[in-house]
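Here are a few notes to read alongside the model, written as numbered points. Shall we begin with the ligand and work outwards from there?

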Amino acid sequence: MEEKAKAEEKKMGMIEVWLRKHRSLYNGATRHPLILSIRDGTINIDCFKTWLAQDYLFVRAFVPFAASLLIKAWKESDESGDVEVILGGMASLEDEISWFKREANKWGVSVSDVVPQRANVKYCGLLESLMSPEVEYTVAITAFWAIEAVYQESFAHCIEEGSKTPPELKETCARWGNEAFGNYCQSLQKIANRRLQKASDEELKKAEVTFLSVLENEVEFWNMSRGNV
Ligand SMILES: Cc1ncc(CN)c(N)n1
């Protein structure tokens, strides 16, 4: 494929090529008005609570997707180290679910009463479709990287120097914005790049379409939290 050849010539990975090509959508997902309002301290706390409750449900659906990816890595990967990277991510999800419950309790949000909103149902539907054994490992790992990377870049922006994030939201931002999570996302990106380099044109196209779908769903997820469903 032409794009792949260009990437090779410039010694770039496909992910970097796509990040350039789809920069405005990527920025839309990682610099959403909700994130910017956390960063500048003008966040409406009800929006934060909506996000928290809805994301708790999303993370519960993310666990089986991660499990399906682990199976794909075990069956299809050309490098055994992939399994450890994914397993490490899965192990933190248990802690993440406990954190969501504690955080929800702190804000007076009852997680057992949360009803998923339309954008959440749609995004969880995408996760479910990616769990199918027919979806290639390369496509699934690209989606998994994109999902994690959007949160990493979004929340890291809220704890950069000069941000005015309210103190009570800093822990939330540090959860995904911290350096260790950044390194984990880098490891996922490396795996995705390695797989994409060896992918057929058809697989490459599927992975790019899925990447775009993740970004669109992320934007809609943030929109939902601000009440514009
Ligand atoms: C919607 C969404 N996207 C990504 C993540 C990071 N796992 C999350 N918790 N929620």
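1. Let's start with Glu218: one of its polar side-chain atoms sits 2.7 Å from a nitrogen atom of the ligand. Taken alone, the ligand exposes 290 Å², and the protein buries 100% of that. Please keep in mind that this is a predicted model.

2. For Asp55, a polar side-chain atom lies 2.6 Å from a nitrogen atom of the ligand. For Tyr151, an N or O atom of the side chain is 3.1 Å from a ligand nitrogen.

3. Which residues are found around the ligand? Besides Asp55, Tyr151 and Glu218, the list has Phe58, Val59, Phe62, Tyr123, Ile147, Glu148, Trp176 and Phe221.

4. In the model, Glu218 belongs to helix H11, which runs over residues 201-225. Is Glu218 buried or exposed? Its relative accessible area is 2%, so Glu218 counts as buried, the cut-off being under 20%. Leaving aside neighbours within four places in sequence, Glu218 is in contact with Ala29, Tyr123, Ile147, Val150 and Tyr151.

5. Leu204 and Ala5 are 199 residues apart in sequence, yet their C-alpha atoms are 13 Å apart in space.

6. Now for the nonpolar core. The largest one has 77 residues, and Trp51, Phe65 and Phe155 touch the most other members. Helix H5, residues 45-76, supplies the largest share of this core, with 15 residues. As general background, nonpolar side chains tend to be buried together in soluble globular proteins.

7. What does Phe155 touch beyond its neighbours within four places in sequence? Its contacts are Ile35, Ile38, Trp51, Thr172, Cys173, Trp176, Gly177 and Trp222.

8. Last, the domain record. The unreviewed UniProt entry places "domain: Thiaminase-2/PQQC" at residues 20-226. In the model that span is 80% helix and 0% strand, and its end C-alpha atoms lie 28 Å apart.

Methods:
Residues are numbered from 1 along each chain as its sequence is written. This is a predicted model: local features need pLDDT of at least 70, side-chain atom pairs count only at pLDDT 80 or more; totals for chains, interfaces and linings use all residues. Side-chain values use heavy atoms; hydrogens and water are left out. A nonpolar core is a set of buried Ala, Val, Leu, Ile, Met, Phe, Trp, Tyr and Cys residues joined through side-chain atoms within 4.5 Å. Buried means under 20% relative accessible area, exposed over 50%, partly exposed in between (1.4 Å probe, protein chains only). Helices (H or I, at least four residues) and strands (E, at least two) are DSSP runs, numbered from the N terminus. Contact means heavy atoms within 4.5 Å. A residue is near a molecule or strand if one of its heavy atoms lies within 4 Å of it. A polar contact is a pair of N or O atoms within 3.5 Å; within protein, one must be able to donate a hydrogen and the other to accept it, and residues adjacent in sequence count only if both atoms are side-chain atoms. Accessible areas come from the Shrake-Rupley method with a 1.4 Å probe; for residues, only the protein chains shown count as cover. UniProt positions are given in the numbering used here, feature names are shortened, and annotations may be inferred rather than shown by experiment.
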